Each structure stands twice: as C-alpha cells, then as structure tokens.
Amino acid sequence: MKKQIYLKLHIITITKNNALQRIDNFLFQYFKTVPKNMIYRIIRKGKVRINKKRVKHNYKLQKNDIVRIPPVKIEKTRKNFFKKISFHKFILYENKELIVINKPTGMAVHGGSGLKYGIIEMLKFYYKKTNFLKLVHRLDRDTSGILLIAKKNSILRKLHDLMQKKEINKKYLALVKGKWSSKIKNITIPLFKKRLENGKRIVQINQKYGKYSKTLFKVKENFSSFATLVKAKLITGRTHQIRVHAKYAGHPIAYDALYGDKEFNLKLKNFGIDRLFLHAYSLSFQYPNTNEIFSITAPLDKHLSQCLKKLRSNNNELNV
C-alpha cells in the first residue's frame, strides 16, 4: 500500500513580489513536488480560496490577497523514486539563470495527462532552494536531447522573445526510412493539430486550417537504401513537426508510434533499438545582454549510438 504524506493547511498573504502572477503558476512554485494535475484539481473543486472566494486557475493575484490552500497529499513513493535517480548525470550546463539537460527518452517534461511526474517535478525536488523553475521550450516525451529550464523569470522572458524572433537555433538528428534525397532540403507544409476521441493528440497536413511550418533537412549519413541519418533544423516549432514532415517526404522516423512504418521498425530491432530515433543534439543563441554565442550539444544515448555502429558495420548488406 502506498504511504501518503499530508501537507498542512496554508494561509498566505500575497506580497508585491507575487502580485499579478496567476494562481496556478504561484502554486506550481509553492508546491515544488506536487504534480500540475493535482494543483488544477484543487483549484477546479474550489478548495483553493482567495479572500474566502473560489477562483479560476488564471486568476491574477493582487497584493494583500489572502490565499487559503487545503492540506494536499502526495505519495511517499514519489520522493523515493526521485531519490533513486541520479539526475545530475543529465545536466549538460548550469549557471545562475539556466539549467540545460540532456532529456532521456520516455520522460515527459512535466506531469499531467495520466503521468504523475516529469522533468520539471524532478528538478523542483532536487532544487529545493530555487524558487523559480520554468520550461523555456518543450520536447515530446519520446524525443531525447537538449532541454532549457529557466531559473529566473527575466531570462525566461528574454529567451521566449528570441524564440519568437526565430533566433534560437535548434537542430535534431533523426534516423529515417529509406534513402533521403539530397535534393530535399526543406519542407514547408501547414500542420493542423487534432485531438482524437480517445484523447490522443495527432498532427495532420491541412492546407486550409494548418499553421505555417518549415523544417530544413540535410543528409548526414546513408545506410544503403535502408535508412538515412538526417539533420533537421526547426524554422518553426509546431507540435510533432519534424515527425510529420519526415513522413510527408516519404521517410518516416524510426520507431515513430504515430507516424512511423511498422515493417521498417521490425527490421530495426536487429540493430538494437526500440525507441523513437529523434534527438535534439544542438542548440545555440546569442545570450541575452551579452555578445557571446551560447552553443551546446548533447550526445546520443548508448542505444542510438549502438544502432548507428551496427548499421555502419552492416552497410554493405543492407536492403529495404
């Protein structure tokens, strides 16, 4: 039976430091290890009261507001799970404003939608004395690689501004089916996000309702006509963009559960992988308030590296 830890009743008077902050964001920071879905649930049920009244999740706090937060229970197993993970091994770089991690595959960036915890909850557990931890951008659960986390609101705003101006360069490595033609250098196809009846999210090409989306592709290595290792650079940052654009080009990414090729995936088992081969390997931008270029790379995990080694050693025998 799972043991529970009960957090006490909290009565908080809002100061000018938290004024104009949304109540959900305030609670995310206040309860570092409590998942977002639990925070939203207690707000929705009216258990969080401000000046003795119910509020919505997007209510903006005012100076001298009195916030009442009910006792919240969390599983003790959550803390035990976090303690077993050597999170420091994922950290690529850290300063007073930023944390850069090499996110492993299979790990969500935050809890919710049936997931109890993700990267952000783990960070809040390990960085107990840090009051501000926010994702600068996101990666799909099955995509590995570079993920930026802001430790200050000031750097978060500046990096979001760079992203809007398309001044953050993000590059990915993907193993795709077949021999990618060097003539296919960019794909500009509008993408439309759709939610299915089972709740799953899928992205489709839709000329009428889709949003402008552009990805640059470059062949890095061919493995006969069986597979190609490509570099992909995001110009826009739509959901599942690289995955859908690769499929549109006729070269679905290895082990893509939504847009992949089952026959191709089965053959790849002989090369030692059973996960999405999409890795955010490079990120660069001009660091705010300086003239320095911040550039960082993330190595492939052992499964992806070993897969490439096996493909190279069998390159002459490969066929589709």
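Q: Glutamate 94 first: how exposed is that one?
A: Glutamate 94 is partly exposed, at 36% relative accessible area. Keep in mind that this is a predicted model.

Q: Which residue does glutamate 94 form a salt bridge with?
A: Lysine 151. The closest N and O atoms are 2.9 Å apart.

Q: How many salt bridges in the whole structure?
A: A search finds nine.

Q: Give me another. What does arginine 312 meet?
A: The side chain of arginine 312 meets that of glutamate 221 in a salt bridge, at 2.8 Å from N to O. Arginine 312 is in helix H8, residues 302-313. Glutamate 221 is in strand E15, residues 214-223. That pair is 91 residues apart and also links distant parts of the chain.

Q: How accessible is arginine 312?
A: Arginine 312 has 42% relative accessibility.

Q: What about aspartate 256, which residue is its salt-bridge partner?
A: Arginine 243, with the closest N and O atoms 2.8 Å apart. Aspartate 256 is in the loop between helix H6 (241-248) and helix H7 (262-268). Arginine 243 is in helix H6. They are 13 residues apart.

Q: Are those two buried or exposed?
A: Aspartate 256 is buried, and arginine 243 is buried too.

Q: Which residues are in the network there?
A: Asp140, Arg243 and Asp256 are linked in a network of salt bridges.

Q: New topic, cavities. How many of 30 Å³ or more?
A: One. The largest cavity has a volume of about 40 Å³.

Q: What lines the largest cavity?
A: Ile146, Lys170, Lys171, Tyr172, Ala280, Ser282 and Leu283. Strand E11 (169-177) and strand E17 (278-286) are the elements that give two or more residues to the lining.

Q: What's the lining by class?
A: Four nonpolar, one polar and two charged residues.

Q: Why use a probe for this?
A: Rolling a probe the size of a water molecule over the atoms shows where empty space is left.

Q: Where is isoleucine 11, and is it buried or exposed?
A: Isoleucine 11 is in strand E2, residues 10-13. Its relative accessible area is 55%, so isoleucine 11 is exposed; the cut-off is over 50%.

Q: Back inside. Where is phenylalanine 28?
A: In helix H1, residues 23-30. Phenylalanine 28 is buried, with a relative accessible area of 4%.

Q: How far is phenylalanine 28 from glutamate 121?
A: Their C-alpha atoms are separated by 9.3 Å. Along the chain they are 93 residues apart.

Q: And leucine 123, where is that?
A: Leucine 123 is in helix H4, residues 119-126. Its relative accessible area is 0%, so leucine 123 is buried.

Q: How far apart are leucine 123 and histidine 88?
A: 10.0 Å in space, C-alpha to C-alpha, and 35 residues in sequence.

Q: Last topic, backbone. What is phi of asparagine 51?
A: Near 55°, a positive value in a residue other than glycine. Asparagine 51 lies in the loop between strand E3 (49-50) and strand E4 (53-54). At 38% relative accessibility, asparagine 51 is partly exposed.

Q: And what is phi of asparagine 64?
A: Positive, about 75°, although asparagine 64 is not a glycine. Asparagine 64 sits in the loop between E4 and strand E5 (66-69).

Q: Is asparagine 64 buried or exposed?
A: Exposed, because its relative accessibility is 53%.

Definitions and conventions: Residues numbered from 1 in each chain as written. Predicted model: local features only at pLDDT ≥ 70, side-chain atom pairs only at ≥ 80, totals over all residues. Heavy atoms only, no water. Helix = DSSP H or I, 4+ residues; strand = E, 2+ residues; numbered from the N terminus. Buried < 20%, exposed > 50% of the residue type's maximum accessible area, 1.4 Å probe, protein only. 1 Å grid on protein atoms, 1.4 Å probe; cavity = no way out; pocket = protein on both sides within 12 Å on 5 of 7 lines; lining within 4 Å. Points joined across faces, edges and corners; volume = space filled by probe spheres on them. Nonpolar A, V, L, I, M, F, W, Y, C, P; charged D, E, K, R; others polar. Salt bridge = Lys/Arg side-chain N within 4 Å of Asp/Glu carboxyl O.
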